[in-house]
Amino acid sequence: MGTVTLGVSIAVPEPYGSLLQERRASFGDPAAYGIPTHVTLMPPTEAEAADLPAIEAHLDTIAMAGRPFPMRLSGTGTFRPLSPVVFVQVVEGASACSWLQKRVRDASGPLVRELQFPYHPHVTVAHGISEEAMDRAYAELADYEAAWTCGSFALYEQGADAVWRKLRDFPFETGGSAPAVPAQGGYSVDTPSLRS
């Protein structure tokens, strides 16, 4: 069956997801349309295709233990000069993201891996482009705001064309009290609070 490249992330819902994807493209980032707008829980990781059922069962267990939580994005940050990235900051929900990512990579599961850098939840809006374009992304999204209730995370696979496609959502055990975060193209969020 071979190997697959997988990622686990929280989708940034509409209208925020498409808006940030369009902005990322406007800064000249060639990867903008191949990567749905997201907060990473597990970066790109090689896995055996035959292990997908075990991986999905592992993620199901994590989702069943989770609960919906508020997410809020505000302003920009950067990993430069360590890494050529400009991002929108996660100012609420970071501790829940950290809890989730630890469980995704837990030594008892099928997705064990070390991180290159300490975990820092964020939404990338520019990566590996010119310094001038990254400066522009940092400045133009400095007043950006968005908020929603996070009700799920998802498993993605990177295709041979470098495009990331969602394999499956993993909604938290909500008891029917909160909606799951939709894939981009859906709409189930709080009233937009965009100032960009």
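Guide: What follows is a set of questions about this predicted model, each answered by setting a value against its definition.

Visitor: What is the overall pattern of the protein chain?

Guide: The protein chain has four helices and eight strands, and along the sequence they follow the order β-α-β-α-β-β-α-β-α-β-β-β. Buried residues make up 44% of its 196 residues, and of the contacts with a separation of 6 or more, 76% are accounted for by residues 24 or more positions apart.

Visitor: How do you know that the buried residues of H2 line one face of the helix?

Guide: The buried residues of H2 are Leu52, Ile55, His58, Leu59, Ile62 and Ala63. Seen down the helix axis, these residues fall within an arc of 135°, so they line one face of H2. The face turned away from that buried side carries the exposed residues Pro53, Thr61 and Met64, while the cover over the buried residues includes strands S1, S2, S7 and S8 together with helix H3.

Visitor: What makes the reach of H2 close to the expected one?

Guide: H2 runs over residues 52–65, which is 14 residues, and its first and last C-alpha atoms are 20 Å apart, against the 20 Å expected at 1.5 Å a residue.

Visitor: What can be said in the same way of the buried residues of H4?

Guide: In H4, residues 131–140, the buried residues are Ala133, Met134 and Ala137. Their directions from the axis fall within an arc of 100°, so these residues also line one face of their helix. They pack against S3, S4 and S5, whereas Glu132 and Ala139 are exposed on the other side of H4.

Visitor: What polar contact does the side chain of Arg105 make, then?

Guide: Its partner is the side chain of Gln101, at 2.9 Å, and since the cut-off for a polar contact is 3.5 Å, the pair qualifies. Arg105 lies in the loop between H3 and S5; with neighbours within four places in sequence left aside, this residue is in contact with Met42, Leu111, Val112, Arg113, Glu114 and Leu115.

Visitor: Why is Ala162 called partly exposed?

Guide: The relative accessible area of Ala162 is 44%; buried means under 20% and exposed over 50%, so a value in between is called partly exposed. Ala162 is placed in the loop between S7 and S8, and its phi is near 70°, a positive value in a residue other than glycine.

Visitor: Where are the cis peptide bonds that join Glu14 to Pro15 and Arg80 to Pro81?

Guide: Omega is about 5° for the bond between Glu14 and Pro15, and Pro15 lies in the loop between S1 and H1. For the bond between Arg80 and Pro81, omega is about 0°, and Pro81 belongs to the loop between S3 and S4.

Visitor: Which residues does Ile35 touch, not counting those up to four places away in sequence?

Guide: Ile35, found in the loop between H1 and S2, touches Gln21, Arg24 and Trp164.

Terms used:
Residues are numbered from 1 along each chain as its sequence is written. This is a predicted model: local features need pLDDT of at least 70, side-chain atom pairs count only at pLDDT 80 or more; totals for chains, interfaces and linings use all residues. Side-chain values use heavy atoms; hydrogens and water are left out. Helices (H or I, at least four residues) and strands (E, at least two) are DSSP runs, numbered from the N terminus. A polar contact is a pair of N or O atoms within 3.5 Å; within protein, one must be able to donate a hydrogen and the other to accept it, and residues adjacent in sequence count only if both atoms are side-chain atoms. Contact means heavy atoms within 4.5 Å. The expected span of a helix is 1.5 Å times one less than its number of residues. Buried means under 20% relative accessible area, exposed over 50%, partly exposed in between (1.4 Å probe, protein chains only). The arc is that of the directions from the helix axis to the C-beta atoms.
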